[in-house]
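Reader: Could you take me through one part of this model in some detail? I'd like a close look at a single residue and what sits around it.

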Amino acid sequence: MLILTEITKTYTTSEVETRALDAVSLEVAQGEFLAVMGPSGCGKSTLLNVLGLLDRPSEGTYKLAGTEVTGLPSAKLARLRGEHIAFVFQNFNLIDDLTVAENVEVSLLYRHGPAVTKDRVGLVLDQVGMAHRAGHRPQQLSGGQQQRVAIARALAGNPGLILADEPTGNLDSANGEQVIELLQQAAQAGTTVIMVTHSHRDAAAAQRIVEMLDGRIVGETRL
Amino acid sequence: MSGAIGFWSRSRHFATAYVRNLRATRLLSAIAVAGLAIGLAGALMLALVARDALGFNGFVPDHERTYLGISLLGGQGTAPVINDTTNDRAAGIIHANLADVEAVGRLHEAEAALRRNGEVTHAKIYWADPEIFDVLRLPAIAGRPKAALNLPDGLVMTQSEAIRHFGRVNAIGAVVDVDGVPMVLRAVIADLPTRMTDLNRGIFASGRSAKSLFSWGGDAPGTFSIGARTYLRLRQGASPAAVERRLAPLIDGLLPAGMRGIYAMRLLPIGALALDSGLHPGARERLGVGSLVAAFILFIAIANYVNLSTALSVRRWREIGVRAACGATRGQIAGQFLAEAVATVLIAALLGAALVELTLPSLNALFQTQATFDYLTHPMLLLWLIAGGVALGLAAGAYPAFVLSSLSPAALLRDRGVTMKGRSLVADLLVAVQFAILIGLMIALAVVYQQRHFAMTEALRFDVDQLLTVDAPCPTSFRQEVAKLPGVLGTSCAGRGLLESPSFFFAPIGNERISTDSIPMLPSGFVLFGITPVAGSLSVLPPDGEEKNERIIVNETAVRRLGLGRANAAIGKLIPVPSDQPGGYIRARIVAVVPDFSFQSVETAIKPTIYLDQPHDGAGLGLVMIKLAGRDVPETLTAIDRLWRKTGQQQPIQRKFVSDHVEELYRNLERGTWIFGLFSGVAALLSATGIAGMAIATAERRTKEIGIRKALGARTDQVLILLLARLSRPVLWANLIAWPCAWWMMRNWLNGFAYRVPLHQWLFPAAALVALGITLCSAGLQAWKVARRRPIEALRYE
């Protein structure tokens, strides 16, 4: 699904240069569930941003679904993001002004390709057990429910890759388990899932764990 | 944008997001929309007023090469007097001599008694040459207008006039007596658009009628009069300047010797009549000032919208991040915010149009305009409004859309504050310009108010309190009876020229001809005004006037301009004044010199003036002046009305307080005060909301800094001062822009008055202080709320 080769990301502010990613190479197969672990500030989130085409690497190459993406213009990157990638965040990032169904609909707005029916929103909400809350606003839901809606939003566009940034970070363990289960189901259905987490329990649900430290991959465990 | 869901679903989604965001930020959104609505209403109103002036006479075919002959009368050293009529004989001379003139025709304004079926109505009519319809080819509804006026009894009416007088449009052949002569309606033309033409009468009677003013036989030898509106159309490509040059010697041939070099005939395009500075002094300037003020208000409203919408967009950062993460390009995000801006401006335009609809009658009354918002009959107006709204929406939305679409989605999604590059500078700049406009408007308001107050008090130089005038040529019995009333201090008589435009002559002094006003007034008039001579005595003149004007009173300007030395030295000197003989002068002796005073506007310098010891103008026109004691005024007025009837006066009494006349004289200044007052208020309101928006944005941006300062021990008042000082900075910058601009503009404006107030320097810091006060009041609450926050709340962000 994706191949990173010698990816480096440096941030330069006045005279200080910070190396957030340092020659990271990684290959992830289609349908694989990968967990990325490491202490705060080790570059996990930067890696996720690069993988999600929200940030550009300073050096190295990145091949996504067979396309080399590092030199592409930002409009093309946005298009690729719309076609292949979906995100799940620790803080859910649901839009307060929109209902649950409308939040899910957002992921279909910018997606190119064959038209989907409106039923698609209902279908994915049903899949995460939130169909009965379709007309509610995010503030009316619990944290666990909000994260399930965020997963529904991620699933709606049938993405090839789901990037989850500490998806259980704000949840209690019961809700966290439900979320991990949903991600596992997505991976089983053929979607590649890359999850950044601090929780060893959550990471255990993945097929492979990558350890990061100071912007480098320092270890890898296949489960 | 092609997408996985259909166009309507997408549109509904974006509309929902827009409406819900508006609802969530209802107060500030309402302020922004209301500001835009007011700004747009002002611009729309001005456009409606300007439309009439700029499209003047546009309905006349070939109006761009159709001209009205006007007269310029002026001696050396004085501004020419301009009149929109010319000599009766000019048209004939033009027709006979100037090949570049395709057609020429005349109109003569008159009031006539129209009698039909025993009923008499008084109507304003034109006596008209048949050729007028060659020049002004107005569409005929029935009959042939030119052929109609070729017959001495021919009458042409507009359709409204035909209906008014005959009950139907097609009344061809109907007869009506015009000033006692039967005339036949022979043609009907379409109605003339009101306000958009100088042709303000709908009845054209044949100039060949024996009753026509054209049939009076012209000027007596040695005299020259004007009174005919002479219209002419030039051939394609002919130059009006060349026609004027060839016309000059021909017109000179009509003038008596004394008027050569003083009189000239000029051509004015009929499209430019409404804004001609000679015919309508100040009209162009009023339109200019109005446009500027409307543009300023619109700018403030847009700046406000830009600042508020950028500040409010903070709550949509997450939405932008999510959309970008879901594949939205920068263009799509910018497009969404641009579309929202256009929608907001269109809502504001709708509200603005409603505001115009509601307030137009009162504003027309206040500013004496006759603008109409006739979108039903002129649907183009609506299209223009929508097009203008879209353009303005794109302009107003461009900056926020650009800023928001350029934010990093990764940072937005992490829930941390992001920096909007250049946002602070742009916001400061917009607020500075807003406040510069506000300060400028406040200074303008103060100067216009001071000048008006000055014109109506100090500049008058005499006492107009409780001074009443009655239109009448000094009826002796009435005057004597009124003088006996207990509430009356004194009476006198004067010519109408005292209050209206006085008659003037060119006094031949040496080689110069000095334009000099001549006003008939009994010596007692000066006593009523509280004016005592600076030299000589009034008592040498007979109190009720003298037969021949051999002794006169002059003002100080006359002493100076006529070269008579000092006031005392002028007494006993002889100066030439017009005699009864056409073109002749007699020499009159100066018996008194009075201080300068005038009933004319302070815009014009007081002219050399002679006062003749006469009770009225001589042509049945005059004023009885009555000074009231100031007690029991209603009873005294009733008694005056009663005496008017008792002493056998036929027509209804026309009386007026001089103070009302003075008020009317300065109605323009009053309107100016209103315009600047009204718009300063609007600008203050909008600027206050602008600064409130900036306060919100600043608070948001500096949350962390405030938290750290408070955690380190800063007190609430210290943080408050810090925030207010930051917010006041652009307001202080504003003075750098406002002061020189306001000084230059108001200096020029005041220079338009012969007598004016000084441009007081204290106005500038005073306006700045008011602006600062507005800033502190509007931003204070928000700053106070932020400054009081507990540091833990502020630092929780990290």
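Author: The scale here calls a residue buried if 20 or more other C-beta atoms lie within 10 Å of its own, exposed if 12 or fewer, and partly exposed in between, with C-beta atoms placed from the backbone. What draws the eye to A:A23 is its phi, near 50 degrees, a positive value in a residue other than glycine. A word on the source: this is a predicted model, where local features need pLDDT of at least 70 and side-chain atom pairs count only at pLDDT 80 or more, while totals for chains, interfaces and linings use all residues. Residues are numbered from 1 along each chain as its sequence is written, and chains are lettered from A and ligands numbered from 1 in the order in which they are written.

A:A23 sits in strand β2 of chain A; strands (E, at least two residues) and helices (H or I, at least four) are DSSP runs, numbered from the N terminus. In chain A, four strands make an open, antiparallel sheet in the order β2-β1-β4-β5, and two strands pair if DSSP finds at least two bridges between them. That puts β2 (16–28) at an edge, pairing on one side only, as does β5 (67–68). The partner of β2(A) is β1 (residues 2–13), joined to it by nine bridges in the antiparallel sense. Along that pairing, A:T18 in β2(A) has A:Y11 opposite.

Now for what lies across the strands: helix α1 (residues 44–51) of chain A covers β1, β2 and β4 (59–64), and runs at about 60 degrees to β2(A). That angle runs from 0 to 180 degrees between N-to-C directions, with axes as lines fitted to C-alpha atoms, for helices over the stretch in contact; contact takes C-beta atoms, placed from the backbone, within 7 Å. Eight of the eight residues of α1(A) are buried, among them A:L47, A:L48 and A:V50.

Just after α1(A), A:L53 takes a positive phi of about 65 degrees. A:A65, not a glycine either, has a positive phi of about 50 degrees and is found in the loop between β4 and β5 of chain A. With 15 other C-beta atoms within 10 Å, A:A65 is partly exposed.

Conventions. Two residues are in contact if their C-beta atoms, placed from the backbone, lie within 7 Å.
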